[in-house]
Amino acid sequence: MTASTTNIATGTGLEKSLVFPREEYAARMARTRAAMAEQGIDTLVVMGPEDLYYLTGYRSMGFFAWQALIVRADGTPVMLSRDLERRIYLNNSWAEEYLAYDDHQDPVTTFVGLLHDLGAQTGRIGIPSSGLSISANDVARLARELPGATWHDTTTLLPGLRLVKSELEIAKIRQAAEFTRIGMHAAVEACVVGNTENDVAAACLDAMIRAGSEDPSLGPLVGAGFRAPFGHAAWERTRLGDGDLIFIECGGAMNRYHAGAMRTVALGRMDDTRRRLEAASRDGLNAGLAALKPGATSGEVDAAARAAVEKHGLGEYFNHRSGYSIGLGFRTWIEGMSLRPHDDTVITEGMVLHVVPALSDDVTMMAISETALVTAGGAEPLVNLEKQVWVR
């Protein structure tokens with residue numbers, strides 16, 4: 001199939017369910033076009049669901065299918081996706097040009113035809129060639145079918161712009177943090193001998209959703225007993241027993257913006273080793289938050305959290321990064337920037353990070369984390385749960 005711009009639909013006159021004002025859309029598009037100009041990009045192809053949402057407001061769980069927003073340096077964005085997605089895109093996007101392909105049609109062929117119709121088949125084209133939304137085969141195929149183009153990997157372009165949050169985005173994350181707090185307290189209350197991991201997850205989700213949360217892009221993660229140290233385990237019906245540790249990570253969602261938190265629950269006992277690990281995780285969190293200020297580097301924040309844990313002689317339990325940028329999410333709430341050793345990314349006011357000094361070995365997990373906003377004066381905790389292991 002060859003695309004035709006005469007088949008492009010518009011959402012003029014449709015009722016809208018927009019989540020940010022036109023001024024915000026215009027500002028985001030202006031920043032994107034400035035980044036394009038800086039990198040010498042004539043045409044930008046946006047594919048990830050978080051990036052599409054950031055630029056247009058489009059939010060759909062149909063991101064498993066091939067979709068692309070074409071942004072020209074001086075033109076109106078045009079969206080290409082399945083016909084099934086047309087209504088939701090035109091309903092919740094500020095950008096109003098949409099070309100649909102049917103499920104029996106090849107989206108890559110349609111995309112190539114659309115670029116030709118737009119006169120964008122040559123020049124320097126930016127595409128997220130190492131992202132999750134396009135296969136290596138499709139990247140190679142585009143290079144063959146558009147020989148006049150020069151390809152530039154823009155996997156990190158929009159995620160980089162998304163790191164510093166606007167006031168509107170921060171307000172949404174604050175609301176998500178309230179959902180997280182509600183959900184975590186409900187999850188802890190469900191940690192009773194005889195209940196299962198499913199009971200804990202159900203209580204958490206029920207409380208968050210009833211409070212107003214959307215479907216979170218991650219978790220809740222629940223691991224009880226021998227599964228507590230797994231970290232990234234979903235609930236699997238494990239029954240909670242006396243003396244068990246239960247690891248919980250959850251996060252509410254407001255207009256796809258998230259705030260995460262980790263906590264551990266102990267059923268019935270806390271021995272000396274567990275108390276030491278609790279204190280080390282809490283001190284690691286406090287030190288990381290104290291270092292999280294404008295002008296610091298991500299490596300310096302990581303080093304501060306790690307040094308606090310090392311003072312307890314428990315550094316071998318800290319076997320991962322200290323945190324990451326958090327915000328928009330469909331597949332995960334984790335964004336591209338990490339707090340990790342020797343990283344020289346500069347912390348900037350307006351960033352939001354989940355600081356996660358979770359400590360684990362083969363039998364234990366102690367985790368006290370916080371989502372924090374970077375302000376001019378330092379880190380502002382947003383979830384504000386008790387910094388402790390709950391003993392029940």
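In the predicted model, four strands form an open sheet: these 4 strands follow the order 7-8-9-17, and their pairing is mixed. Strand 7 (221-224) and strand 17 (390-391) stand at the edges of this sheet; each has a single partner strand, so one side of each is left without a neighbour in the sheet. In general, the strands of a sheet pair through backbone hydrogen bonds, and the pairing is either parallel or antiparallel. Strand 9 (residues 257-266) and strand 17 run parallel and are joined by 2 bridges. Within this part of the sheet, Ala266 stands opposite Val391 of strand 17.

Two helices accompany the sheet. Helix 7 (residues 167-189) lies across strand 8 (245-254), strand 9 and strand 17, and runs at about 25 degrees to strand 9. Helix 8 (residues 197-211) also packs on the sheet, where it touches strand 7 and strand 8. The direction of helix 8 makes about 155 degrees with that of strand 7.

An unreviewed UniProt entry lists residues 172-376 as "domain: Peptidase M24". Over residues 172-376, the chain is 32% helix and 23% strand.

Helix 10 (residues 298-310) contains Val301. With a relative accessible area of 1%, Val301 is buried, because a residue counts as buried under 20%. Leaving aside residues up to four places away in sequence, Val301 touches Gly288, Ala291, Leu292, Ala296, Leu339 and Ile347. Asp206 is 95 residues from Val301 in sequence, and the C-alpha atoms of Val301 and Asp206 are 35 Å apart in space.

Aromatic side chains were examined next. The structure holds 8 aromatic pairs. In the pair of Phe226 and Phe230, the ring centres are 6.0 Å apart and the planes stand at 80 degrees, so the pair is edge-to-face; planes over 60 degrees apart count as such. Phe226 is exposed, with a relative accessible area of 60%, whereas Phe230 counts as partly exposed at 48% relative accessibility. Elsewhere, ring pairs link Phe20, Tyr53, Phe63, Tyr257 and Phe330 into a cluster.

Phe20, a member of this cluster, also has a charged group over its ring: the charged end of Arg28 sits 4.2 Å from the ring centre. Another such arrangement involves Arg306, which lies over the face of Phe318 at 4.3 Å from the ring centre.

Conventions:
Residues are numbered from 1 along each chain as its sequence is written. This is a predicted model: local features need pLDDT of at least 70, side-chain atom pairs count only at pLDDT 80 or more; totals for chains, interfaces and linings use all residues. Side-chain values use heavy atoms; hydrogens and water are left out. Rings of Phe, Tyr and Trp (its six-membered ring) pair if their centres lie within 6.5 Å; planes under 30 degrees apart count as stacked, over 60 as edge-to-face and the rest as tilted. Buried means under 20% relative accessible area, exposed over 50%, partly exposed in between (1.4 Å probe, protein chains only). A charge sits over a ring if NZ of Lys or CZ of Arg is within 6 Å of the ring centre and within 35 degrees of the ring normal. Two strands pair if DSSP finds at least two bridges between them. Contact means heavy atoms within 4.5 Å. Axes are lines fitted to C-alpha atoms, for helices over the stretch in contact, and angles run from 0 to 180 degrees between N-to-C directions. UniProt positions are given in the numbering used here, feature names are shortened, and annotations may be inferred rather than shown by experiment.
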